[in-house]
Amino acid sequence: MDKFTISNLDLYYDDFHALKDVNLNLPPNEITAFIGPSGCGKSTLLKSLNRMNDLVEGCRITGKVLLDGEDIYGDMNVNHLRKRVGMVFQKPNPFPMSIYDNIAYGPRTHGIHSRAKLDDIVEKSLRDAAIWEEVKDRLKLSALGMSGGQQQRLCIARALAVEPEVLLMDEPTSALDPISTSKIEDLAIELKKDYTIIMVTHNMQQAARISDKTVFFLLGEVIEYGETEQVFSVPNNKKTEDYITGRFG
Amino acid sequence: MQAMNKQTWKQKAKAYRSSPLSLFLLILVALASLITVCALLFLIGYIMVKGIPNLTPSLFAWTYNTENVSLLPALINTILMTLLSLLIAGPLAIFAAIYLVEYAKRGNKLVEIVRVTAETLTGIPSIVYGLFGLLFFVTTLKWGYSLLAGAFTLAIMILPVIMRTTEEALGSVPDTFREGSFGLGAGRLRTVFVVVLPSAVPGILSGVILAIGRIVGETAALMYTAGTVAEVPSSLLSSTRTLSVHMYALSSEGLYTDQAYATAVVLLIIVLLINWLSGALAKKVKKG
């Protein structure tokens, strides 16, 4: 069964029609890449999947988004939804607290306070985010003293700590150097075994390298959706081809 | 060896010779900063010179009488008054600011009204607050000249000060922190109190310091509300005088000018101490 079923989704920022009749079925345990030029609505759609758009004033959404068949805009508790659908942001945004407290913030939010349990979660999350070896001796130090790449992996670990089912990544490597970027990419491939990953990216190579499915957006519409290999080698739509080959965007 | 990226005097002189206007402006700004610093140093120096020799042990006697004109009761009153006013105004102001920044919708009419009101309140002369305190707390509520009436009057006075600075401090906390917290499934309450508020503490503290400055320096609003009795208060309803009022009383009586200077020294030291302490505190909080 599909992880996310999006049907007839329209989204408006006041009068601006940002997403037009989006219909997508996103499968579990795969990496789906959202690509397209700036302002095409890919980040907006991503944020609709864990209702982060609720925080944007003047944002109005119609249509349906189902997570495992459950309507996320229906009776579902928003905080519970965001626990199930974690998010990693474009710029690393660790909280101004220790590395340990950053990771423990999520579990504590959801009611875990036992020291031993938190210790386990912190270690497991940091290991899963491939950063444990680098930070295990300075868990009590501020997270703000880490490098950008480390901060982003910390943010991934923080998202993993609440045991989500889906990980939304909004251009997670756009603020990072190539080495950190490749670490995050390897990590994403590793993580898809256990999580469904949806990633917005501006980097064509990145989408081609790591994603299983690719969605191409233009001006708020889904132009093409298919296996990454097919989208990048024999796109069905002329516009997709133009964008991928760098004729615009 | 001298670093090569430093301009030598010769190079600077040459540069200024070719543009006399820059030289003129340089002299102007240098002079301005010099005058500012000198004025401050002169003021502090003058008070110190006049006051320190008059700091006698009898000024710190437990009771005040015409023999020793002790400032100790006033010192204790100042501390009590400050704590009490902050206790009343602090939570109110901080919670109000949290509501305005974190909960109220942007462009909300109520927010605008609260903001305009707060700004107006900061502009009102303190004697007006004093008169209000006299009419309301002292007379209508029948608290009489008292610590309580004074503290409530001052609380109204500093409320907008703390609220505005807290608002600014909260506003300058990056939204990415809030997003990160909401993204993990935290509610607004947890986000505000665990993530946002700690980052805003240095800013809030600066507002509290500003407020303390106003409380410690206030005379007009207190004479009508807390009275001028120079005794350690026995209850919240006792009349009291703070250091500033004490100073005013001493110098207006004309008999104790020297002791007034000594009081000024104590007041100055308190203010400097508070500034230093809060700076250190803010640094510590920031480091986590």
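Analyst: Happy to! A helix here is a DSSP run of H or I with at least four residues, a strand is a run of E with at least two, and both are numbered from the N terminus. The expected span of a helix is 1.5 Å times one less than its number of residues. This is a predicted model, where local features need pLDDT of at least 70 and side-chain atom pairs count only at pLDDT 80 or more, while totals for chains, interfaces and linings use all residues. Residues are numbered from 1 along each chain as its sequence is written, and chains are lettered from A and ligands numbered from 1 in the order in which they are written.

Let's begin with helix α6 of chain B, residues 147-171. From first to last C-alpha, its 25 residues reach 35 Å, close to the 36 Å expected at 1.5 Å a residue. Even so, α6(B) has a kink of about 35° at Ile158(B), shortly before the proline Pro160(B); the bend is the angle between axes fitted to the seven residues ending at a residue and the seven starting there. The helix is also mostly covered, with 23 of its 25 residues buried (20 or more other C-beta atoms within 10 Å of a residue's own, with C-beta atoms placed from the backbone).

Now to the strand. In chain A, β1 (residues 4-13) runs antiparallel to β2 (residues 16-26), joined by 7 bridges; pairing takes at least two DSSP bridges. Tyr13(A) stands opposite Phe16(A) in β2(A). The hairpin of these strands has 2 residues between them, and Asp14(A) takes a positive phi near 50°. β1(A) also pairs with β4(A), residues 59-67, in the antiparallel sense over 8 bridges, where Ile6(A) stands opposite Val65(A).

Note on methods: A residue is buried if 20 or more other C-beta atoms lie within 10 Å of its own, exposed if 12 or fewer, and partly exposed in between; C-beta atoms are placed from the backbone.
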